[in-house]
Amino acid sequence: MRWDGDYEEIDFRIAFGFPGAAAIREEFIMNARYAIGFIFIGFGCAGSTPSPSSPPPSEPLASAEAPAPVAPPPSAPAPVQATPATEPAATASVPKLAPPETPEAIKAPSTANLVLKANAKGAQIYVCGKKKEPKAKFEWTLKAPDATLSDEAGKPLGKHYGGPTWEAADGSKVVGAMKAKVDAPDATAIPWLLLEIKSTEGQGVLSHVAWIQRVQTVGGKAPADGCDKAHDGAEARVDYSAAYYFYANP
């Protein structure tokens, strides 16, 4: 038997007289077709790509789970500068009034209460004249004081003028009369005095004043000369300063 490539041209050198020759021929042709078909299918499968339904190759498993990232430690807070404790402001204390040191002769009564101190600055006014006495000479005589009154801080408190009168800024006023006097420690200054109040007017800081001391005097004395007939009636102002202490009876 020889095959020349065509199924129909297979020449069987088998005698037609052989029993079943035709059936064998048909079975052979069928088997040859199947074999050739399987050969072509095999070649096609060898060059084909994997089916889309094929599962993708599995990735290799990590040998160990990656550690979670570690957050950097929080930065230390900046040091806080300690603020020094603020000390409470000192409360301004008002100095308590105390009577001045004076000779016994001009001290206020021990029962009187000191209620006010006023500093005076101004002038003592003198007038030149002749007393009504036989053989009297011309001399300077005190006419009146003219001064402003203020407290220790310089705040105005009132005024001092003829009478002698002390008038406060609130309108209250007193008129005094000399009770006693002593020479001032400074020979060029007017005397220190104790005056008793003889009249009171108005309601205010001076309403209950009963006694006044004049101390710590500077200047104010009458001129030593310049008063004669030619200057009769002339006035002279002499600068002075003093401290006045006011007392009220209980």
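Analyst: A residue counts as buried when its relative accessible area is under 20%. The model is predicted. By that cut-off, Trp166 and Tyr244 are both buried. Buried residues make up 29% of the 250 residues in the protein.

Now the pair. The structure holds one aromatic pair. Trp166 and Tyr244 form it, edge-to-face. Their ring centres lie 5.6 Å apart, with 70° between the planes. Planes over 60 degrees apart count as edge-to-face, so the label follows from the angle.

Where do the two residues sit? Trp166 belongs to strand β4, residues 165–168, and Tyr244 to strand β8, residues 235–248, so the pair ties together parts that are 78 residues apart in sequence.

Step back to the fold. The protein has one helix and eight strands. From the N terminus, the order is α-β-β-β-β-β-β-β-β. The eight strands close into a barrel, in the order β1-β2-β3-β4-β5-β6-β7-β8, with antiparallel pairing. On average, neighbouring strands of this sheet are turned by 30° against each other, direction ignored.

Strand β8 also pairs with β7, residues 209–219. That pairing is antiparallel and spans eight bridges.

Contacts across the sequence complete the picture. Among contacts between residues at least 6 apart in sequence, 60% join residues at least 24 apart.

The accessible surface of the protein comes to about 18100 Å². Carbon and sulfur atoms hold 60% of that surface.

Notes. Residues are numbered from 1 along each chain as its sequence is written. This is a predicted model: local features need pLDDT of at least 70, side-chain atom pairs count only at pLDDT 80 or more; totals for chains, interfaces and linings use all residues. Side-chain values use heavy atoms; hydrogens and water are left out. Rings of Phe, Tyr and Trp (its six-membered ring) pair if their centres lie within 6.5 Å; planes under 30 degrees apart count as stacked, over 60 as edge-to-face and the rest as tilted. Helices (H or I, at least four residues) and strands (E, at least two) are DSSP runs, numbered from the N terminus. Buried means under 20% relative accessible area, exposed over 50%, partly exposed in between (1.4 Å probe, protein chains only). Contact means heavy atoms within 4.5 Å. Accessible areas come from the Shrake-Rupley method with a 1.4 Å probe; for residues, only the protein chains shown count as cover. Two strands pair if DSSP finds at least two bridges between them. Axes are lines fitted to C-alpha atoms, for helices over the stretch in contact, and angles run from 0 to 180 degrees between N-to-C directions.
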